[in-house]
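Here are my notes on this model, as numbered points. Please read them with the structure open.

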Amino acid sequence: MARQVSGYALTLVLTCMHFETLAVHAGHRPDPATGAVTPPIHLSTTFERGKDGSFPTGYIYGRDANPNRRAVEQCLAALEGGTGAAAFASGMAATSAVFQALAPGDHVLVPDDSYYITRKLLQEVFARWGLEHTAVDMTDLRAVESVLRASTRLIWVETPSNPLIRVTDIAGIVAVARRAGARVTCDNTWATPMLTRPLELGADLVMHSTTKYLGGHSDVLNGALIGREDDDLFQRIRGIQITGGAVAAPFDCWLLVRGIRSLPYRMRAHCQHAAAVAEFLASHRAVARVHYPGLRSHPGHSVAKRQMTDFGGMLSFEVHGGRTEALRVAHGSSCMATSARQNSFRPEELRSSAARRIDGSADQDLQRVILERVYSGNNSALVPCAC
Ligand SMILES: Cc1ncc(COP(=O)(O)O)c(C=O)c1O
C-alpha cells in the first residue's frame with residue numbers, strides 16, 4: 001500500500017530539496033497503477049463514483065480537477081514556494097482570473113510597459129466591468145505612491161518587463177502596497193522561479209505565462225497563478241478557474257511537467273548566452289541601445305543583482321536607422337525569427353508598445369526602434385517580439 005504522506009510532511013520534504021530536484025520530482029511520483037516513472041496522460045473528463053456515491057480518488061470532473069493538472073500545480077507551487085497553484089489555458093486566462101477576482105470600482109496599478117495585452121485586457125474588457133486602472137512606471141516607487149487611490153486593491157508587477165526589460169523592486173512595491181492595503185501580483189514569466197522568487201519578497205500572487213520558459217519548447221500554451229497563502233484571494237481565483245473553466249488541458253500539463261524538468265539547466269544557458277549577446281551588441285556601432293539588466297549601464301542593474309540570482313535570457317535592443325533597418329537586421333539574421341505580427345508592424349501595435357515611447361521621445365533623431373526580444377538559449381532561437 002502506498003505510504004500516505006501528510007501535506008505538512010510533504011511541504012517539509014519539498015522545502016529541503018534543491019531547485020533542480022524539485023523541478024524533476026515535485027508534483028509526481030511513479031504511477032502507482034503501473035510503476036511508470038513518467039506520468040500517464042489522463043484524458044478522461046469524468047471519474048467514476050464509488051458504491052456509496054463518493055469519489056474515492058478525489059477526482060469528479062475534468063474542469064474541477066485532473067491528475068495532470070494537479071501534478072503541474074503542485075510542481076509550480078513547490079518551485080515558487082507557494083501554498084497552492086491554479087493552472088489555466090494561457091497566461092492571459094490566468095491574468096483574467098486575477099482581475100475577475102476583484103470587484104467593480106476597484107483600482108489596479110499596472111506597469112506602463114507591461115506585456116501590452118495585459119493593459120489591453122484592462123482597457124477593453126475589464127473597464128466595462130467597472131475595474132479602473134492606472135499605468136505607471138513601476139520602477140519608480142514615488143511615481144507608484146503618487147497614483148495610489150483609496151480604492152487601489154492590486155499592484156501588478158512584471159519584472160523583467162516585456163519589451164523594455166525594466167526591473168521592478170518587488171520588495172519596494174510590496175511595502176507600498178501594504179501601506180495602501182493592496183495586494184501584489186508579479187508576472188514572473190521572464191525571470192522564472194529559478195531567478196526570482198516574488199512570494200519570498202512578499203508578493204501575494206505569481207503569474208506565469210508557462211507558454212515561455214517553463215514549457216520551454218514553444219509547443220504548449222498555458223498559464224498559472226501561484227498563491228503565497230490559501231487566502232480569500234486565492235480561493236476566489238480557484239473558484240474562477242473551476243467555474244469559468246479556462247483550465248489547462250491534460251496533455252498541455254503533461255508537456256509542461258516534462259518541460260520544467262530541464263528548466264534549471266536551460267535557464268543557466270539562457271543567462272550565459274544572453275550576457276554574451278548583450279556584451280556583443282553593446283559594443284556594436286549599429287546598435288543604439290541594449291536593454292539587459294546584466295549590463296552595469298542598465299538602470300535596473302542593482303535591483304536585479306539584489307533580487308535575481310542571474311540576469312535572465314531576455315534582452316531587447318535598438319538599432320540606428322529606424323524601422324527599415326530594424327527589419328533588415330532581423331531578416332538578415334539566420335537565428336532570428338520574426339513573427340507575422342512583427343513582420344507587419346501594425347501601426348496600433350507600434351503605438352501600443354515601447355516603440356511609441358521611443359518614437360515619441362527626445363531621442364527621435366536616432367530613429368530607434370525596439371527590434372527584438374531575444375531567447376538566447378542554447379539553440380540560439382530568437383523569439384519574436386509580441387509588442
Ligand atoms: C510577460 C508576459 N506575460 C503574459 C503573457 C501572456 O501569456 P500567454 O501568451 O500564455 O497568454 C506574455 C505573452 O507573451 C508575456 O510575454
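**Notes on the fold and the ligand site**

1. The shell around the ligand divides into five nonpolar, seven polar and two charged residues. Nonpolar means Ala, Val, Leu, Ile, Met, Phe, Trp, Tyr, Cys and Pro; charged means Asp, Glu, Lys and Arg; the others, Gly among them, are polar. In total, 14 residues surround the ligand, and the closest are Ser-90, Gly-91, Met-92, Ser-209 and Thr-211. A residue counts here if its C-beta atom, placed from the backbone, lies within 6 Å of the molecule.

2. A word on the basis. This is a predicted model: local features need pLDDT of at least 70, side-chain atom pairs count only at pLDDT 80 or more, and totals for chains, interfaces and linings use all residues. Residues are numbered from 1 along each chain as its sequence is written.

3. Seven strands form an open sheet with mixed pairing, in the order β1-β7-β6-β5-β4-β2-β3. β1 (84-88) and β3 (132-136) are at the edges with a single partner strand each, so one side of each has no neighbour in the sheet. The twist averages 20° from one strand to the next. Strands (E, at least two residues) and helices (H or I, at least four) are DSSP runs, numbered from the N terminus. Pairing requires at least two DSSP bridges between two strands.

4. Inside the sheet, β4 (residues 152-158) and β5 (residues 183-187) pair in the parallel sense over five bridges. Glu-158 stands opposite Asp-187 in β5.

5. Helix α5 lies across β2 (107-111), β3 and β4, and runs at about 155° to β2. Helix α9 (residues 232-244) lies across β1, β5 and β7 (223-227), at about 30° to β1. Angles run from 0 to 180 degrees between N-to-C directions, with axes fitted to C-alpha atoms, for helices over the stretch in contact. Contact means C-beta atoms, placed from the backbone, within 7 Å.

6. How do α4 and α5 pack? Helix α4 (residues 91-100) and helix α5 (residues 116-126) meet at an angle of about 50°, with axes 11 Å apart. Met-92, Thr-95, Ser-96 and Phe-99 in α4 meet Ile-117, Thr-118, Leu-121, Leu-122 and Phe-126 in α5. That contact has six nonpolar, three polar and no charged residues.

7. Helix α3 (residues 67-80) and helix α10 (residues 250-261) pack at about 35°, with axes 8 Å apart. The α3 side of the contact includes Asn-68, Arg-69 and Cys-75; the α10 side includes Pro-250, Trp-254 and Ile-260. By class, this contact has nine nonpolar, one polar and one charged residues.

Methods. Two residues are in contact if their C-beta atoms, placed from the backbone, lie within 7 Å.
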